[in-house]
Amino acid sequence: MLLRALAYLPRTHLYHIRRSFGIKFDKMPLPSTGVVETSIPRPITMPSLLEALPITAKTLSVIEQSKRLAAYKAVDRHVRPEHKIIGIGSGSTVPYVVERIVAQGHDLNKHRVFIPTGFQSKELIVMSKLNLGDVDQYPTIDVTIDGADEVDTDLNCIKGGGACHLREKVLAEAAKTFILVADHRKNVEYLGQNFTAGVPIEVVPFAYAKVLQNLQHVIGSPNATLRMAKAKAGPVVSDNGNFIIDAPFPRDVMKDPYTIMARIKMLTGVVEVGLFCHMAEAAYFGNEDGSVTLKKRMVPDVATPVIEEQIPSSE
């Protein structure tokens, strides 16, 4: 009872009681947690990445080999020794981008800073022992290399299948040079040709119902839906704490992606739209035969026509 009463007394009163009666209160030792300190396990699996060794072709499917071809060619041509601030995008092709950058050697990479577009690319940078930075520290980026869900004949692209398109677009706009990499399935005539899920739209949770209604009844996407998670109950939540709406549009609308992007962006509650228009300088697509298809502008000007060329496997 005495101890319980003393527990409610202010610390200064306890001090005087101890002085008056010579009472000693031994400090209670903290219990042992039994936890042994270990390195933090990383959820991103990257075989051979830390040693900068290439993943052997025997372990890759044809599609994965195509992705690696595109990534390697893009890094070889666009990540130059003078580039010090490099943006790393998201998606299934990006691990091969990082792998090729690591292969350029420690002497080059120790003076570089790498800016991620999301959790996946941040983990890749950390695992590869590259210097991690943020766009608020480095708002001007020398080159950003990113994947894409589809790329049309004018180098417009759909991004956001992985719900990272807000940060991806920030890094694309911050970059002096923006390069896309993908396998041959992403090389299309018009957006939405193969990627039928619709245009990814990041919205604040508070406004999702209103935005969804606007898309269905005003903008022209009656099948627009809130993207639901597969490994958790409820909707997908982006790295920014927002919801994702997927809005499919007819072919004639998607042939003019800039116009529909602007209409969607004007809806209150929309944070970003997964249509990247007039931004990419070039796109690399790995093919099954070992060649790479390159789409590029002769000069970085949106008014310049896009040309296409084939890079043979021997190069």
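In classing lining residues, Ala, Val, Leu, Ile, Met, Phe, Trp, Tyr, Cys and Pro count as nonpolar, Asp, Glu, Lys and Arg as charged, and the others, Gly among them, as polar. By this scheme, the lining of the largest pocket comprises six nonpolar, ten polar and five charged residues. The model is predicted, and the chain has an average pLDDT of 87.

**Confidence**
- A pLDDT of at least 70 is reached by 80% of the residues.
- Residues 46–58 remain under 50 in pLDDT, and the model gives this stretch 25 contacts beyond four places in sequence.

**Largest pocket**
- The largest pocket holds about 330 Å³ of space.
- It is lined by 21 residues, of which S90, G91, G161, G162 and E168 are the closest to its centre.

**Open sheet**
- Four strands, in the order β8-β9-β7-β10, make up an open sheet with antiparallel pairing.
- β8 (225–226) and β10 (270–273) are at the edges with a single partner strand each, so one side of each has no neighbour in the sheet.
- Two bridges join β8 to strand β9 (residues 243–247) in the antiparallel sense.
- L226 has I245 in β9 as its bridge partner.

**Surroundings of G286**
- G286 belongs to strand β12 (residues 282–286).
- With a relative accessible area of 0%, G286 is buried, because buried means under 20%.
- Beyond four places in sequence, the residues that G286 touches include S66, L69, A70, A182, D183 and H184.
- R185 lies 101 residues from G286 in sequence, with a C-alpha to C-alpha distance of 9.0 Å.

Notes
Residues are numbered from 1 along each chain as its sequence is written. This is a predicted model: local features need pLDDT of at least 70, side-chain atom pairs count only at pLDDT 80 or more; totals for chains, interfaces and linings use all residues. Side-chain values use heavy atoms; hydrogens and water are left out. On a 1 Å grid over the protein atoms alone, a cavity is a set of points where a 1.4 Å probe fits but cannot get out, and a pocket is an open set with protein on both sides within 12 Å along at least five of seven lines; lining residues have an atom within 4 Å of a point. Grid points are joined across faces, edges and corners, and a volume is the space filled by probe spheres set on the points. pLDDT is the predictor's confidence in each residue, from 0 to 100. Contact means heavy atoms within 4.5 Å. Buried means under 20% relative accessible area, exposed over 50%, partly exposed in between (1.4 Å probe, protein chains only). Two strands pair if DSSP finds at least two bridges between them.
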